[in-house]
Amino acid sequence: MASSSTSKNVPEGWVEEWPAMKPIHPGRGLDKSWKSQFPLSCKGRHVINVHGQRFRLKGVNWYGASDVLHVVGGLDVQKLEVICESISVLGFTVVRMPWSNEMLRSPVPDGAVSYEMNPRLRGLPAIAVLDEVVRCLGQHKVAVILNNHTTYGEFCGPPSGNSLWFDPTGPFSESQWMADWEMMARRYSRCPQVIGFDLRNEIRPRWSLWPAFGKGSTSKTRWAVRDWADAALKMSLRLLEISPDALIVVERIVWPQRGLADYTACPGSLLPKLQGRLVLGVHSYSWSGPGRFLPDWSVPSFLQCFVGVLRAVGVISINYGDMSPQDLQNQIFREWGTVLKNDVCPVWVSEFGADLSNPWEMRWLKEFVGVMASLDVDWAYWPLNVGPKPSCRTNEAYGILDSSWQPQDISDDRLELMQSLGLSSRARPVGTKAPTMEIKRPASNQELRALYGEKDPLRSMRVLSFENVQSAVTSQRKLVPRPRLFLASSAPDFSALSDIDDGDEVSPPRKKSSSFSNLQDTESVDNR
């Protein structure tokens with residue numbers, strides 16, 4: 001974890017600009033035919049390559065660089081090359097790669113990586129490990145879309161500082177968010193496998209600060225509003241100045257969750273300015289829904305009856321998993337199916353998933369995948385990851401690999417469903433199907449809160465008592481220390497991590513520095 005500090009250590013209005021950042025080498029051995037199709041662009045509802053052929057975003061999320069360990073999952077139990085090969089063998093064409101702003105400034109915590117299995121990663125800071133992951137994916141013909149998932153590395157925990165695209169009370173201002181994104185675009189500008197930038201994950205309210213789209217920002221009312229449309233457009237244009245051929249993924253605000261009409265208005269907030277570059281991101285789970293949705297597992301037992309009344313009168317919406325197949329199809333078509341029908345721009349369902357052992361979720365997944373297939377939409381399953389969730393006491397219930405982070409040797413109904421979405425796996429599982437638990441509904445709200453708590457749309461606003469708030473704030477300070485931003489006089493020189501030219505000889509990685517301020521003494525190693 002990075003050294004903690006408070007925002008008072010950073011002068012007001014100061015932004016770390018990353019002046020020394022230079023592009024990294026994309027890695028040796030990229031398939032010439034595969035990389036010749038890049039860069040990509042958008043033509044109507046489809047993403048296309050330079051030959052005018054459709055490039056289907058058949059993706060999977062590989063989280064970890066957005067969490068407390070600051071590196072992708074699985075590196076503690078498997079070789080990086082094996083995991084990347086597993087992704088390729090399963091047929092995925094792209095990885096949605098979540099990262100946090102804190103990760104950019106962090107070393108790798110002890111235990112996050114097995115250096116016996118991954119000796120080339122020894123001594124590297126977290127961002128250089130991400131470089132190696134990007135290179136290795138490219139060598140296995142898997143593209144990458146970088147996703148700014150969180151501000152602070154966090155998965156499970158108390159009320160979150162990750163609800164918005166910036167932290168209004170900490171060092172990560174909106175200007176810092178933009179500067180960090182510009183650094184990432186510059187860093188990977190020579191990597192053809194990095195095909196796009198997903199600006200921010202699941203924006204939602206935070207305390208009295210509410211996001212809105214195209215409504216303008218206010219600060220004079222009790223409930224202040226920040227305009228996601230304005231921030232997304234500014235960020236997109238700045239990124240396109242650095243990487244003019246990148247895809248730009250703008251996700252809709254996740255709570256309250258509305259359709260995409262405002263996002264696709266032309267002329268509007270995003271179009272036509274981002275024409276040919278814009279991809280709209282949406283997420284769907286059985287326990288999420290349109291409008292003001294509440295997962296059943298997030299509602300305390302003493303409020304269940306009250307919430308039921310609010311649902312009955314329409315104040316709180318019905319969740320996707322509780323809709324009939326026809327209602328689900330109609331709802332999805334209203335939200336984003338019309339965007340595809342009208343050939344406006346691509347829509348990317350960049351998160352959806354289900355627990356294989358939960359028949360209720362699997363029933364919904366089958367229905368939802370059927371809707372996706374009928375609309376021929378691009379997608380990314382959540383997640384690849386298996387095993388314990390970072391800093392949690394629960395295992396990942398939605399993961400699709402086995403415990404060794406390789407394709408399962410038993411058939412998986414979720415992967416079979418994804419075949420209807422165009423997934424073409426080279427893995428051929430043998431044996432019986434994975435066992436399922438005979439339950440009609442998810443086990444208990446307490447268990448589900450432990451599994452999915454990070455997805456709670458009102459997690460950053462949940463206030464039941466002063467004692468709860470005080471406890472939550474205290475816990476968050478312990479779990480997620482605020483990383484210090486570097487002042488100009490002490491900023492590390494990251495050029496040694498990134499400026500690797502084709503003919504350069506790269507020194508072996510040096511011993512991990514015990515001082516985060518000395519990260520300029522470590523070097524990122526090019527996979528060969």
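Helices (H or I, at least four residues) and strands (E, at least two) are taken here as DSSP runs, numbered from the N terminus, and the expected span of a helix is 1.5 Å times one less than its number of residues. The model is a predicted one, so local features need pLDDT of at least 70 and side-chain atom pairs count only at pLDDT 80 or more, while totals for chains, interfaces and linings use all residues. Residues are numbered from 1 along each chain as its sequence is written, and side-chain values use heavy atoms, with hydrogens and water left out.

Helix H3 is a handy place to start. Just after H3, lysine 141 takes a positive phi of about 60°.

Zooming out, the chain has 13 helices and 12 strands. Of its 528 residues, 60% count as buried. Among contacts (heavy atoms within 4.5 Å) with a separation of 6 or more, 77% are between residues 24 or more positions apart.

Most residues other than glycine have a negative phi, and most peptide bonds are trans. Against that background, a cis peptide bond joins cysteine 266 and proline 267, with omega about 5°. Proline 267 sits in the loop between helix H6 (261-264) and strand E10 (278-283). Another cis peptide bond joins tryptophan 382 and proline 383, where omega is about -15°; proline 383 belongs to the loop between strand E12 (378-381) and helix H10 (413-419). The loop between E12 and H10 also holds tryptophan 405, whose phi is near 65°, a positive value in a residue other than glycine. Tryptophan 405 is buried, at a relative accessible area of 4%. Histidine 70 likewise has a positive phi near 65° and is found in the loop between strand E3 (58-61) and helix H2 (80-89). With 1% relative accessibility, histidine 70 counts as buried.

Serine 298 is another loop residue, placed between E10 and helix H7 (304-312). Its relative accessible area is 3%, so serine 298 is buried. The C-alpha atoms of serine 298 and tryptophan 287, which are 11 residues apart along the chain, are separated by 9.8 Å.

What about the cysteines? The structure holds 0 disulfides, a disulfide being a pair of cysteine sulfur atoms within 2.5 Å. Cysteine 345 has its closest cysteine sulfur in cysteine 42, but at 7.3 Å that is too far for a bond. Cysteine 345 is buried, with a relative accessible area of 3%, whereas cysteine 305 counts as exposed at 66%.

Finally, the second largest pocket has a volume of about 630 Å³. A pocket is an open set of points, on a 1 Å grid over the protein atoms alone, where a 1.4 Å probe fits, with protein on both sides within 12 Å along at least five of seven lines; lining residues have an atom within 4 Å of a point. The lining of this pocket comprises 35 residues, with Asn385, Val386, Gly387, Pro388 and Glu396 nearest its centre.

Terms used: Grid points are joined across faces, edges and corners, and a volume is the space filled by probe spheres set on the points. Buried means under 20% relative accessible area, exposed over 50%, partly exposed in between (1.4 Å probe, protein chains only).
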